[in-house]
Amino acid sequence: MVSFKGSQISLSDVQTLLGAASSEKLVSLLTSVAEKNVQQSMTLFQDILDEGLNMVQVVQELLVITRQLLQVSLKLNETQEIENARRQALEGLSAKVSLDTIRLFLETLAKLEMEIRSFSNPSL
């Protein structure tokens, strides 16, 4: 990567190299799903697909973010380990969703991760 980007490598560069989505985009996706904004959810999801990101990694990161959302919602001390910008976004989202919704997100994402891993072509 250094040979292409020089000595300045950004988080975005690393995420692209690893096939990972930006944290902001994934939090936005969760927010739009929680708000039942189908159009925005589909647009964000299509952006993720268009970027050619690894869907297993995307779902795993969505699981991490959703667990952090649960921590923020329950006001657990572990939220100090969450990056400040992400914590603030999750605090805003936690005011909009119930614990039952977070549980449903976690269950759905965990099931989706297992299904993607067992599917022969996860990019479909």
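Is Arg86 buried or exposed, and what is its relative accessible area? Arg86 is buried, with a relative accessible area of 11%. This residue belongs to a predicted model, in which the protein chain has 7 helices and 0 strands.

**Overall architecture**

- Read from the N terminus, the order of elements in the protein chain is α-α-α-α-α-α-α.
- The protein chain has 124 residues, of which 34% count as buried.
- Contacts between residues at least 6 apart in sequence include 58% that join residues at least 24 apart.
- The accessible surface of the protein chain amounts to about 8,000 Å², and carbon and sulfur atoms contribute 55% of it.

**Salt bridge between Arg86 and Glu61**

- The whole structure contains 5 salt bridges, and one of them pairs Arg86 with Glu61.
- The closest N and O atoms of Arg86 and Glu61 are 2.7 Å apart.
- Because Arg86 lies in helix H6 and Glu61 in helix H5, this pair ties together parts that are 25 residues apart in sequence.
- Arg86 counts as buried because its relative accessible area of 11% falls under the 20% limit.
- Glu61, by contrast, is partly exposed, with a relative accessible area of 25%.

**Salt bridge between Lys25 and Glu51**

- The side chains of Lys25 and Glu51 also meet in a salt bridge, with an N to O distance of 2.4 Å.
- Glu51 lies in the loop between helix H4 (38-50) and H5, whereas Lys25 lies in helix H3, so the pair ties together parts that are 26 residues apart in sequence.
- Lys25 counts as buried at 18% relative accessibility, while Glu51 counts as partly exposed at 43%.

**Surroundings of Lys25**

- Helix H3, which holds Lys25, spans residues 23-34.
- Apart from neighbours within four places in sequence, Lys25 is in contact with Leu44, Asp47, Ile48 and Glu51.
- The side chains of Lys25 and Glu51 are also joined by a polar contact of 2.4 Å.

**Salt bridge between Glu35 and Lys96**

- Glu35 and Lys96 form a salt bridge in which the closest N and O atoms are 2.6 Å apart.
- Glu35 is placed in the loop between H3 and H4, and Lys96 in the loop between H6 and helix H7 (99-118), so this pair ties together parts that are 61 residues apart in sequence.
- Glu35 counts as partly exposed at 40% relative accessibility.
- Lys96 is exposed because its relative accessible area of 52% is over the 50% limit.

**Nonpolar surface patch**

- Leu74, Leu76 and Leu99 form a nonpolar patch on the surface.
- Together, Leu74, Leu76 and Leu99 have about 240 Å² of accessible area.
- Leu76 is partly exposed, with a relative accessible area of 35%.

How values were computed
Residues are numbered from 1 along each chain as its sequence is written. This is a predicted model: local features need pLDDT of at least 70, side-chain atom pairs count only at pLDDT 80 or more; totals for chains, interfaces and linings use all residues. Side-chain values use heavy atoms; hydrogens and water are left out. Helices (H or I, at least four residues) and strands (E, at least two) are DSSP runs, numbered from the N terminus. A polar contact is a pair of N or O atoms within 3.5 Å; within protein, one must be able to donate a hydrogen and the other to accept it, and residues adjacent in sequence count only if both atoms are side-chain atoms. Contact means heavy atoms within 4.5 Å. Buried means under 20% relative accessible area, exposed over 50%, partly exposed in between (1.4 Å probe, protein chains only). Accessible areas come from the Shrake-Rupley method with a 1.4 Å probe; for residues, only the protein chains shown count as cover. Patches are made of residues with over 30% relative accessible area and no salt bridge: like charges are joined within 9 Å, nonpolar side chains (Val, Leu, Ile, Met, Phe, Trp, Tyr) within 5 Å. A salt bridge is a side-chain nitrogen of Lys or Arg within 4 Å of a carboxyl oxygen of Asp or Glu.
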